[in-house]
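Please keep the sequence and model open while reading.

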Amino acid sequence: EASLFWEQEQAFVREAKRRQFWRQPWVRLMLVVGLCALLAAVALRSAHGNRDYLAAAYPDAKSALQQMCGVLGCEVKPYRKLESIAIDSSSFDRSADGSFRLNLSLRNNDRLEVATPSFELSLTDADDRVVSKQVLAPQVLRAPEILRPGRDWAGGLPLKLDPSLAALVAGYRLSAFY
């Protein structure tokens with residue numbers, strides 16, 4: 001019986017000391033400091049991961065994001081959101097001299113500035129089989145790096161094909177990608 005009483009007393013004393021430890025001002029201060037550091041780390045990680053969106057949505061924050069990237073070794077790039085870019089029209093025409101011309105019209109349907117995508121031009125034969133593929137970067141098309149909200153861009157690109165390949169071309173497919 002005495003040992004049972006002693007164990008109960010020890011458990012009571014241990015519980016009281018544990019409660020007293022968590023009530024000490026320096027322990028509570030360290031918990032608050034730790035929580036603040038954790039929240040700051042989560043906010044920094046979120047800002048790092050969403051830096052391109054944040055720069056587009058909040059242009060005033062772009063310089064702070066660039067400073068953050070200077071420290072973290074990253075880069076703030078134009079925001080990429082492919083579903084915001086619509087190909088309003090495109091055509092692939094053969095001219096009299098046998099050369100081709102791709103004409104393209106894009107529209108940014110978003111409320112933010114969005115990066116102009118690259119395009120894959122697939123040339124097809126009469127059976128709709130791909131006979132040639134070409135990647136066209138915005139620079140090749142002389143398109144702007146960024147499409148402003150609600151704005152259009154239209155341009156064209158002359159293409160010279162090998163005569164044997166040009167004879168096979170009956171159609172084309174154009175798809176955008178980042």
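## Sheet β1-β2-β7

An open sheet is built from 3 strands, ordered β1-β2-β7, and its pairing is antiparallel. The edge positions belong to β1 (85-94) and β7 (152-159). Each has a single partner strand, so one side of each is left without a neighbour in the sheet. On average, neighbouring strands here are turned by 15° against each other, direction ignored. This is a predicted model.

Take the pairing of β2 with β7. Strand β2 covers residues 100-108. The two strands run antiparallel and pair over 8 bridges.

## Sheet β5-β4-β8

Another open sheet has 3 strands in the order β5-β4-β8, again with antiparallel pairing. Which strands stand at its edges? They are β5 (130-136) and β8 (171-177). Both have a single partner strand, so one side of each lacks a neighbour in the sheet. Neighbouring strands in this sheet are turned by 20° against each other on average, with direction ignored.

As a general point, the strands of a sheet pair through backbone hydrogen bonds, in either a parallel or an antiparallel way.

Strand β4 spans residues 118-124. Its antiparallel pairing with β5 runs over 6 bridges. Leu 123 stands opposite Ser 132 in β5. Thr 124 stands opposite Val 130 in β5.

β4 and β5 form a hairpin, with 5 residues between the strands. Look in the turn for Asp 128, which has a positive phi of about 65°.

## Thr 124 in its setting

Thr 124 lies in strand β4. Is this residue buried or exposed? Its relative accessibility is 2%. Buried means under 20%, so Thr 124 counts as buried.

What does Thr 124 touch, leaving aside its neighbours within four places in sequence? Its contacts include Arg 129, Val 130 and Val 131. Leu 168, Val 169 and Ala 170 are also among them. Gly 171, Tyr 172 and Arg 173 are in contact with Thr 124 as well. Val 130, listed among these contacts, is the residue that Thr 124 faces in β5.

Conventions
Residues numbered from 1 in each chain as written. Predicted model: local features only at pLDDT ≥ 70, side-chain atom pairs only at ≥ 80, totals over all residues. Heavy atoms only, no water. Pairing = 2+ DSSP bridges. Helix = DSSP H or I, 4+ residues; strand = E, 2+ residues; numbered from the N terminus. Axes fitted to C-alpha atoms, helices over the stretch in contact; angles between N-to-C directions. Buried < 20%, exposed > 50% of the residue type's maximum accessible area, 1.4 Å probe, protein only. Contact = heavy atoms within 4.5 Å.
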